[in-house]
Amino acid sequence: MIRVRGLGRCGASAAAVLALSMTASGCVTVHGEREVVPTATKAEAAGALKEFLRAYNKADKAYDPALDAARVTGPLGAINQAGLKSRRAQNPGGNARHVPLRFTDVEYAIPKKAGWPRFFVVNALSNRKPHGYRWLIVFTRAGGDRLWEATYLNLVLPDRIPDLKKDGDGFAEPVAVDQAGLALAPRRLGAAYTAFLKSGGDAFAAGPHTTQWKAARDKNAKRLGLAVQYLDEPRNAGAFAPVGLRTRDGGALVFFSTHHYEKQTASKGLTVDVEPDVKALMKGEAKQSVTLERVSNQVSLTPGAKGEISILGRMQGLVGAKGE
């Protein structure tokens, strides 16, 4: 019997953080949408965070993805909705161990830019384990008649978060997806990262989300009685587009997303034992194999010149499975 593992904990109690939300509280008036203006006021950002917490706690308590479906998008939305669906299937009565999520020591990084979409980044401490990590949450808004939605979430140790470049009024500087003058433009990060997971290389600094993750996958592919195949893809379109801010040293703090498939096939004469987390999201019957579909979002520090890119944090979640 071969055991298939599903959601895991992603090094930071990932399953506990997947259910997010927010609303738009007011809007910035832009004439012609060409003027470079702050993407939000601090009051708007604080209001979005308040609604985020409200919906997170409702969805987490009920294990109901419908309660925050309109408030999340992109990689975080995919992880959030699938995670809630899986847990609701296993616990239809809701989350008996729910503890309301709270934030303290909240900071906002609000850039100035023209047009849509707009975004800002929240940096805060939470009451969730692992304690001591900062939660970096990207909120995006696709248009003047749209709500603020949570797009990215990563947990990062405070001493790894770089100082952001800010103007005299305290506003951050955004990074374009094709930004020149960086070791790698944001739109190229996903492709470079998935290529690294397949073949290695020197584009990324060693660490738990690069060399160590690759080594763990390579080892997993050699499990006795089980053939494991990986397929990794970058995600750059729409709500999955990378988002970045300039750092004081000339580099960039960039959030980007990737898509991962893992097919596990048991040897002849063996069966596949599927865990509840996987079974709740699975289509088909796992007679001999199961393909796990995951979405991962990363936050990286890209230098302003040639050099290694550091992955500061990564949050991954199972979003689907197929049995054959």
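Gln 264 counts as buried because its relative accessibility is 3%, where buried means under 20% relative accessible area, exposed over 50% and partly exposed in between (1.4 Å probe, protein chains only). Gln 264 lies in strand β11. Strands (E, at least two residues) and helices (H or I, at least four) are DSSP runs, numbered from the N terminus. The side chain of Gln 264 makes a polar contact with that of Glu 262, at 2.4 Å. A polar contact is a pair of N or O atoms within 3.5 Å; within protein, one must be able to donate a hydrogen and the other to accept it, and residues adjacent in sequence count only if both atoms are side-chain atoms.

# Basis of the model

This is a predicted model, in which local features need pLDDT of at least 70 and side-chain atom pairs count only at pLDDT 80 or more, while totals for chains, interfaces and linings use all residues. Residues are numbered from 1 along each chain as its sequence is written, and side-chain values use heavy atoms, with hydrogens and water left out.

Strand β6 covers residues 134-141, and eight of its eight residues are buried. Arg 134, Leu 136, Val 138 and Thr 140 point one way, and Trp 135, Ile 137, Phe 139 and Arg 141 point the other way. In a regular strand the side chains alternate between the two faces of the sheet.

Two strands pair if DSSP finds at least two bridges between them. Strand β5 (residues 118-126) runs antiparallel to β6, joined by eight bridges; Ala 124 has Trp 135 of β6 as its bridge partner. Seven bridges join β6 to β7, also antiparallel, and Arg 134 stands opposite Val 156 in β7.

# Ile 137

Ile 137 is found in β6 and counts as buried because its relative accessibility is 0%. Its C-alpha atom is separated by 6.7 Å from that of Asn 123, 14 residues apart along the chain. Leaving aside neighbours within four places in sequence, Ile 137 is in contact (heavy atoms within 4.5 Å) with residues including Phe 52, Phe 103, Phe 120 and Tyr 152.

# Helix α2

Helix α2 (residues 74-90) has 17 residues and reaches 25 Å from its first C-alpha to its last, close to the expected 24 Å. The expected span is 1.5 Å times one less than the number of residues.

Among the buried residues of α2 are Leu 76, Ile 79, Leu 84 and Arg 87. The buried residues of α2 pack against elements including α1 (42-62), β7 (149-156) and β11 (252-266).
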